[in-house]
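Please look through the following briefing with the sequence and the model side by side. It goes from terms to the sheet, and then to the chain as a whole.

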Amino acid sequence: MKQLNYKFVIKYILPGLFLAFCLAIPGFTSGYMLRVLNIALITYLCVLSLYVILGMCGQNSFAQAGLWGVGAYMAANFVMKMGAPPLAALLLSSLGTAVFAFVLGFAFFRLRQYYFTFASVGLMAILNGLFMNWNEVTGGALGITNIPSFSIGGAIIKSEPGNFYVIFFICLAAFFLMKVLFNSALGRSFMAIRDNEIAANCLGVNSLLTKSIAFGISGALCGAAGALYAFLAGYLSYQTFTFQQSTMYLIMIMLGGTMSPSGALIGTLIISLLQEWVRPLQNYMQFIYGAGIMILMIVQPEGIFGGGKAIYDKYLKHSKTARTEAD
Amino acid sequence: MTSISNTQKQPVLKLINVCKRFGGVVAANEISFELYAGEIFGLIGPNGSGKTTLINLITGIYSVDSGSIVLDGKNIVRMPIHNRARVGIVRTFQHPRLLGRCDIRANISLGKDLADKRKIPDTDKYQERMGVLLEAAGLTNVDLSDSIEKLSYGQQKMLEIVRALLSKPKVLLLDEPAAGLNRKEMSYIINLIDFAVKEDICVLLIEHAMDLVMSICQRLTVLNFGQQIASGIPSEIQENPAVIKAYLGGSRNAEN
């Protein structure tokens with residue numbers, strides 16, 4: 001019999017097991033299911049971008065699918081028109097989308113409160129219109145086909161498991177970057193703005209700059225997601241990067257909880273997998289999401305992860321050494 | 001006496017004929033006063049007399065209609081809120097405005113973040129300073145990883161002052177720090193104000209607890225309907241007939 005700390009279990013052992021499980025997934029999962037998971041992980045990066053702009057900074061954006069598209073079309077163009085290696089294209093499109101979002105943020109965040117949300121709706125509409133009509137860059141309604149697969153150095157990664165590991169490690173890196181951000185002065189200034197903008201200003205936080213940086217970071221995540229999607233799918237269509245998709249990201253983060261990267265992951269996985277498992281019910285899905293979110297917001301506004309954390313804080317955090325039968 | 005010695009020093013913060021109107025309401029009419037380093041300056045008056053408005057004008061939340069606010073010889077009326085904080089004007093709010101969904105440590109760290117933005121050099125002494133401040137505030141027994149909601153209202157107010165002091169401000173504006181606190185908590189507030197004075201910070205104190213104001217403030221100014229009806233040392237103010245009529249008389253009767 002051992003003294004085992006709940007805190008230790010919840011903070012290290014459970015995530016460790018989860019990580020090991022994730023790494024083993026390609027060993028027992030079929031090609032199609034793995035493709036679903038790959039798309040889910042790419043989606044996770046976009047939902048994580050909402051964690052930054054909405055969860056941390058308190059600014060609701062409906063433009064994340066648009067930024068995702070910006071990253072995707074950038075990557076396709078870098079690789080196909082400029083001959084950039086995919087890894088460089090990934091980094092460049094992430095950076096490019098970040099700059100794009102940051103600059104737009106500077107224009108948008110002159111608007112206070114919910115007006116940014118209105119502006120983001122407009123941005124989403126404009127971006128979707130651009131994707132559909134800017135033939136030279138996006139291929140217009142026909143889209144872009146035959147985008148090469150991802151490769152590192154000379155090694156081309158075509159197989160589904162290979163792609164899984166690439167996307168998984170990028171998601172993992174993004175996850176830990178978010179943790180670092182959360183504990184940094186920049187992250188705190190985001191949260192200060194979220195909780196009370198005037199009070200944040202009185203602590204020396206420049207609203208306009210800080211919110212633009214938050215939107216820029218969310219752009220970087222969406223840009224990386226877009227590039228990964230372009231390499232994975234090999235085909236880009238304006239029909240992918242829609243307002244509907246942006247709304248789906250919001251539903252995912254609301255479900256999982258806006259307050260942590262883990263919440264974003266829970267929400268993303270539940271909805272992505274649900275979409276696959278209950279295909280027969282597809283016609284009812286919108287209804288189920290809508291009703292589910294409404295009930296959740298009334299019962300547990302902090303989402304599934306927020307609810308779990310509340311229980312942990314209440315019952316487990318201060319029972320420092322709980323006795324467990326662990327040999 | 002203090003005011004005589006003060007005249008030899010340069011004021012840190014100086015308000016010159018500051019005016020502010022909201023529609024037909026005059027919230028501040030030709031307000032002028034000076035704050036010196038290490039001084040506790042009281043700002044009193046009935047509710048709605050324009051005290052908080054004045055703090056909002058100094059921190060830049062409202063812009064002045066006319067007049068100037070001078071910090072260290074520089075007029076800051078056109079400076080945005082965050083830059084005023086960065087040059088050393090830090091405030092607390094009547095109701096503490098903390099990061100409600102973060103732990104206590106993150107909340108305190110915001111003060112350190114401001115110190116970094118202010119390019120205060122001795123950041124390596126931050127831990128020590130934080131320890132001293134938390135002790136002065138009676139917060140030594142709290143778990144810094146706890147959520148802010150675990151703190152009582154009084155502790156939250158204390159934490160807000162600790163956070164403000166960690167940024168090493170030049171001017172600390174306290175908006176009713178003792179409101180809603182018990183005697184024990186009041187003594188912590190006094191500890192924290194003492195700490196500020198030792199660091200040569202000038203403290204502007206808005207407060208309705210007259211015993212506190214009269215015992216710790218060196219000078220006072222009294223507002224009524226946005227007008228400065230009296231200024232001076234506490235004993236003068238207590239005798240001033242205009243002040244007794246507008247404010248003190250009422251509150252004394254209420255207390256007795």
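Two strands are said to pair if DSSP finds at least two bridges between them, where strands (E, at least two residues) and helices (H or I, at least four residues) are DSSP runs numbered from the N terminus. This is a predicted model, in which local features need pLDDT of at least 70 and side-chain atom pairs count only at pLDDT 80 or more, while totals for chains, interfaces and linings use all residues. Residues are numbered from 1 along each chain as its sequence is written, and chains are lettered from A and ligands numbered from 1 in the order in which they are written.

**The sheet**
- In chain B, six strands form an open sheet with mixed pairing, in the order 6-7-8-3-9-10.
- Strand 6 (89-91) and strand 10 (227-232) of chain B each have a single partner strand, so they stand at the edges and one side of each is left without a neighbour in the sheet.
- Strand 6 of chain B runs parallel to strand 7 (residues 171-175) of chain B, and three bridges join them; B:Val90 has B:Leu172 in strand 7 as its bridge partner.

**The chain as a whole**
- The secondary structure of chain B comes to 10 helices and 10 strands.
- Of the 256 residues in chain B, 44% are buried, a residue being buried if 20 or more other C-beta atoms, placed from the backbone, lie within 10 Å of its own.
- Along its principal axes, the C-alpha trace of chain B spans about 50 × 45 × 40 Å.

Key. A residue is buried if 20 or more other C-beta atoms lie within 10 Å of its own, exposed if 12 or fewer, and partly exposed in between; C-beta atoms are placed from the backbone.
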